[in-house]
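Please read them with the structure open.

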Amino acid sequence: MNPSDNSTKNRCCDSEQSREAGENVESSFSAMNELLSLLGHELRTPLAGTMGMLELVLSGELAADQRGALELANASARAMLRLVEDLHDLARMEAGRLQPKETPFEVEAWKRNVEQGFAGAPAVEFFLAIDPQVPQILIGDGDRIAHLVLNLIDLHLKYSRSKRVLLNLTLESEGGDRFLLGTISEAEAALEDRERVALLQSCGAGRLVPMAEFRRVGLKQAVVWNLAVSLGGALWPDFESEEEPVRALAVPVDLPSLPAGGRDGGVALQVCEEMPRMKRDLSAVHILLVEDDDAIRKLVELFLQQRGWQVTAVSDGLQALDSFQKNRFDLVLMDIRMPRLDGLEATRRIRRREQALGIEPLPIIGMTAHAAVQDRSLCLQAGMNDHLSKPIASNRLYAIIERCLASDK
């Protein structure tokens with residue numbers, strides 16, 4: 001036998017083994033990403049019940065020591081929720097499926113969400129200052145930017161001896177692009193000009209920290225760095241620095257296109273969370289609540305009853321269809337993941353029945369423990385009017401319901 005034949009055969013075997021090893025690694029990563037996504041989904045549901053019930057209890061009369069203990073529990077639950085969001089985003093980043101949103105967000109509402117992230121946090125003084133030059137409406141992934149800010153502040157507190165945090169936000173330009181720049185410090189401190197320019201110029205040029213290095217780098221540092229890179233932004237200093245007097249992040253944003261007349265009021269109306277003016281008697285509103293988790297169903301029912309609304313609560317899509325045929329409702333809150341018949345298919349059947357009978361479509365709001373952008377698309381494609389992710393805060397719930405009722409003719 002020709003020796004070169006053996007050499008060729010060995011090279012073919014090595015190539016085949018390398019290909020199979022690569023496929024095994026890819027399959028392993030895919031399975032891990034799926035596990036992280038499913039774990040995040042399952043954790044959001046009990047967290048939604050915990051945080052909602054804490055909100056209900058904290059809204060009542062409590063002794064000072066009881067309120068302090070419950071606020072600490074609430075802060076811990078919010079920290080756990082951010083960890084769950086980290087799991088979701090980690091799975092998407094590892095799979096290359098994290099797509100930053102390019103949607104309008106109201107800066108004042110964004111600020112309230114960030115401040116709420118530290119409400120009740122023990123011994124933390126938090127101050128958020130926004131430069132007057134920052135417009136009221138920006139285009140970008142507002143939710144993930146807020147999540148990134150909160151995680152970066154957690155890192156700052158971890159290595160800082162002070163419990164005082166000052167977050168300054170400015171709008172910067174570099175190379176024709178706009179960036180939201182946030183600096184985090186204990187006092188009035190800022191980056192030097194050379195550091196600021198270097199940070200802005202590094203946006204979009206960073207590499208993801210591979211999962212194999214997470215143990216060495218630290219989970220929080222790695223996830224924060226990877227999220228900033230995935231959003232097209234950058235952090236200062238790098239992810240391996242610990243005690244620094246100032247931390248900063250820069251993420252790309254854009255400005256909304258102004259309509260004729262040069263005012264941005266039209267965009268602001270689309271994202272404003274304030275309650276619309278109602279044209280109906282709210283006391284007569286009857287809502288069908290469809291949710292399979294007992295704790296979430298009870299929580300949302302209590303929220304709705306606090307508003308004085310009548311509620312019929314059922315636990316799956318088949319019961320929802322039966323109630324829809326027997327009663328008149330003004331709105332439906334529909335969980336999209338349920339046994340027997342899920343909320344998406346139940347909504348499709350309701351829409352088909354409405355069309356067959358020639359009746360006005362009922363406002364339907366989807367509820368889900370998933371926080372992915374595609375879940376909103378699934379809800380809208382099924383015929384729903386809006387989407388609400390868990391955990392469910394009462395003010396967000398009321399705003400979406402009243403907006404749907406106000407626009408319902």
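1. A residue is called buried when its relative accessible area is under 20%, exposed when over 50%, and partly exposed in between, using a 1.4 Å probe and protein chains only. On that basis, 45% of the 409 residues of the protein chain count as buried. The chain exposes about 21,000 Å², and carbon and sulfur atoms supply 50% of that area. Accessible areas come from the Shrake-Rupley method with a 1.4 Å probe; for residues, only the protein chains shown count as cover.

2. The model is predicted: local features need pLDDT of at least 70 and side-chain atom pairs count only at pLDDT 80 or more, while totals for chains, interfaces and linings use all residues. Residues are numbered from 1 along each chain as its sequence is written, and side-chain values use heavy atoms, with hydrogens and water left out.

3. The protein chain has 13 helices and twelve strands. Helices (H or I, at least four residues) and strands (E, at least two) are DSSP runs, numbered from the N terminus. A contact means heavy atoms within 4.5 Å. Among contacts between residues at least 6 apart in sequence, 70% join residues at least 24 apart.

4. Two strands pair if DSSP finds at least two bridges between them; β2 and β4 have six, in the parallel sense. Within this pairing, Phe 127 has Leu 166 in β4 as its bridge partner.

5. Two helices lie on this sheet.

6. Which residues of helix α3 (residues 107-116) are buried? They are Val 107, Ala 109, Trp 110, Lys 111 and Val 114. These buried residues pack against β1 (103-106), β2 (125-130), β3 (137-140), α4 (142-159) and β4 (164-174). An α-helix has 3.6 residues a turn, so residues three or four places apart point the same way.

7. Arg 178 lies in strand β5 (residues 177-185) and is partly exposed, with a relative accessible area of 33%. Not counting residues up to four places away in sequence, Arg 178 touches Leu 171, Glu 172, Ser 173, Val 251, Pro 252, Val 253, Asp 254 and Leu 255. With the side chain of Asp 254, the side chain of Arg 178 makes a polar contact (3.5 Å). A polar contact is a pair of N or O atoms within 3.5 Å; within protein, one must be able to donate a hydrogen and the other to accept it, and residues adjacent in sequence count only if both atoms are side-chain atoms.

8. A further open sheet of five strands has the order β9-β8-β10-β11-β12, with parallel pairing. Its edge strands are β9 (310-314) and β12 (386-389), each pairing on one side only. The strand-to-strand twist averages 20°. Helix α11 (residues 343-357) packs on the sheet, touching β10 (331-335) and β11, and its direction makes about 150° with that of β10. Helix α13 (residues 394-407) lies across β8 (286-290), β10, β11 and β12, at about 170° to β12.

9. β11 (residues 364-368) pairs with β12 in the parallel sense over four bridges, and Ile 365 stands opposite Asp 386 in β12. Four bridges also join β10 to β11, which run parallel; here Met 334 has Gly 366 in β11 as its bridge partner.

10. Helix α9 (residues 294-306) has 13 residues, which at 1.5 Å a residue should span 18 Å, and its end C-alpha atoms are 18 Å apart, in agreement. The expected span is 1.5 Å times one less than the number of residues. At the start of α9, a side-chain oxygen of Asp 293 reaches to within 3.2 Å of the backbone nitrogen of Ala 295. After α9 comes Gly 308, with a positive phi near 85°.

How values were computed: Axes are lines fitted to C-alpha atoms, for helices over the stretch in contact, and angles run from 0 to 180 degrees between N-to-C directions.
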